[in-house]
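Dear colleague,

I am passing on the structure below, and after it you will find my notes on what was found in it. Please read them with the model open beside you.

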Amino acid sequence: MRLGGLLLMLGLLVPVGIGQAADPVTREAFRRPADIPSPPSNPLTAEKAALGKMLFFDPRLSRDRTMSCATCHAPDKRWSDGRMPPLGAEHVANARRTPTVLNSAWLNALMWDGRAASLEAQAMLPITTPHEMNFDMPALLERLRQIEGYRPHFAGAFGDGTISQERVTQALASFQRTLVSNAAPFDRWVEGDESAISASAKRGFCLFTGKANCVSCHKSWRFTDDSFHDIGLSSPDPGRGAHVPITPMQFAFKTPSLRDLPITGPYMHDGSMFSLEEVIRHYEDGGIARKSRSAEMKPFQLTDEERQALIDFLRTLDGGPLVVEAPRLPE
Amino acid sequence: MIRNMKEGIRRGNLLVMQVMTACMLTVLCAMQPAQAEGAPQHRMILSHHEFEPWDFTPKVGDRIEIVNTSDIVHSIYITYPDGAVLTLGDVQLPGQSVIWEVPAAGEYLFKCWIHPVINARMQVQPD
């Protein structure tokens, strides 16, 4: 049996004593990238993004023609919906907060549980989810083919007017890649403008990268490494554990970006918190101690002044609303 | 479990199927006798969010030690050439190592359940 050849020294977890202390994290580690990445299989073009924008705002992508992608990823709500539970999920068990689609060009895993590996793969999921757009792809493609006005846009984006599932998802992914956070005061500070953020916010940055160690997971210019952790919330939702049945993935959800946070939340995957102070206090406390809780959840204590400094820092990551005008939809 | 795996395939639930494969491999492999001491051993360094480039040429039967030199926890899994997935223990704490033996020629993909950004491919040539 070929499995006999898979000799594995599992369980040999050997402390070797070479763990290294974290290097000090400087502001340069959060510098914004110059370009938007896209995969070789779907290079970003203006034509595809323009088509994707029409599709994103088109309610005809839902079965009853009432819900578009922009209904829940609304430009005026930081490309989320500000709701908990999300629209249509009032009776859905373990409903999850609608994440923003800002900066999704850089995501390594999509959805709260990481079950989609690319924007192209993710694009189909809300369309076909019963409590969201509740459609099916064959019927959607047939509907789009009946809309004459779409054909030239598909031709401009892909060379001919064929409307296929692959092209719809590629166009939607392309538009979403163009949704990038505006430069925030923090970015100006990174570029050397010392007056861009307050002294309290600078102190907050030191806490973020030091005592509170938020940077353990909230790193890079997006302030996330897209990692999955159980942070000790009381939600019964198994999260990534439903797909990856190993202990550390039970109750684990993707680390969200901290850019452009809505002022009053809701925060966390279950939308259970409504202020940054509440969020910070949760991390100070460490949440529910259980086997799956992330080893990065190390309780700490802040003074009121430190907590406020951390909040002041997080506010410097807000570049303001990314305004995108809704397109004229093809007829 | 095999029935469940086939069900997973039939339903297209690839990830669940793969992890179940990993669980099965884990159980079976844990019962295997220990590897002969003389097998060549190499070291892969897992720094914060990436595997550092390695300069060894892996061969079938070699032992590979994966060392977590970062200050965060990882959970490494390997996707085999046939799509089977093997999780190298639940978590790998900072400073710890795991040892894996190359079972056959082909391309192996190393990833982390916690940090999807970690991604390394290893090509093993036939003897």
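**Chain A as a whole**

Among the contacts in chain A between residues at least 6 apart in sequence, 67% join residues at least 24 apart. Please keep in mind throughout that this is a predicted model. Chain A holds 10 helices and 3 strands, and along the sequence these follow the pattern β-α-α-α-α-α-α-α-α-β-β-α-α. The C-alpha trace of chain A spans about 65 × 60 × 40 Å along its principal axes. A compact globule of 331 residues would have a radius of gyration near 20 Å, and the 22 Å found for chain A agrees with that. Of the 331 residues in this chain, 41% count as buried.

**Helix H6 of chain A**

Helix H6 of chain A, residues 165-177, has 13 residues and reaches 18 Å from its first C-alpha to its last, close to the 18 Å expected at 1.5 Å a residue. Because 11 of its 13 residues are buried, H6(A) is largely enclosed by the rest of the structure. The buried residues include A:Arg167, A:Gln170, A:Gln176 and A:Arg177, together with A:Val168, A:Leu172 and A:Phe175. Among the elements that cover the buried residues of H6(A) are helix H1 (46-57), helix H3 (119-128) and helix H5 (151-158) of chain A.

In chain B, strand S2 (residues 63-68) is joined to S5(B) by 5 bridges, and the two strands run antiparallel. Within this pairing, B:Ile66 stands opposite B:Val98, and B:Val67 stands opposite B:Ser97. Strand S1 (residues 41-46) of chain B is joined to S2(B) by 6 bridges, but here the two strands run parallel, with B:Leu46 standing opposite B:Asn68. S2(B) is mostly covered, with 5 of its 6 residues buried. As for strand S5 (residues 96-101) of chain B, 5 of its 6 residues are buried, so this strand is largely enclosed by the rest of the structure.

**The four-stranded sheet of chain B**

An open sheet of 4 strands is formed in chain B, in the order S4-S3-S6-S7 and with antiparallel pairing. Its edge strands are strand S4 (85-87) and strand S7 (119-124) of chain B, each of which pairs on one side only. Neighbouring strands of this sheet are turned by 20° against each other on average, with direction ignored. Strand S3 (residues 76-79) of chain B and S4(B) run antiparallel and are joined by 3 bridges, and B:Thr79 has B:Val85 in S4(B) as its bridge partner.

In soluble globular proteins, nonpolar side chains tend to be buried together. The largest nonpolar core here has 31 residues, and those with the most contacts inside it are A:Met249, B:Ile64, B:Ile66, B:Ile78, B:Leu88, B:Trp100 and B:Trp113. The elements that give two or more residues to this core are S1, S2, S3, S4, S5 and strand S6 (106-112) of chain B. Leaving aside residues up to four places away in sequence, B:Ile64 touches B:His42, B:Met44, B:Pro58, B:Ile99, B:Trp100 and B:Val102. There is also a second, separate core of 29 residues, which includes A:Phe57, A:Leu61, A:Met67 and A:Ala171; A:Ala171 is also one of the buried residues of H6(A).

With best wishes

Definitions and conventions:
Residues numbered from 1 in each chain as written. Chains lettered and ligands numbered in written order. Predicted model: local features only at pLDDT ≥ 70, side-chain atom pairs only at ≥ 80, totals over all residues. Buried ≥ 20, exposed ≤ 12 C-beta atoms within 10 Å, placed from the backbone. Pairing = 2+ DSSP bridges. Axes fitted to C-alpha atoms, helices over the stretch in contact; angles between N-to-C directions. Expected span 1.5 Å × (residues − 1). Contact = placed C-beta atoms within 7 Å. Rg over C-alpha atoms; globule rule 2.2 N^0.38 Å. Core = buried A, V, L, I, M, F, W, Y, C linked by C-beta atoms within 7 Å.
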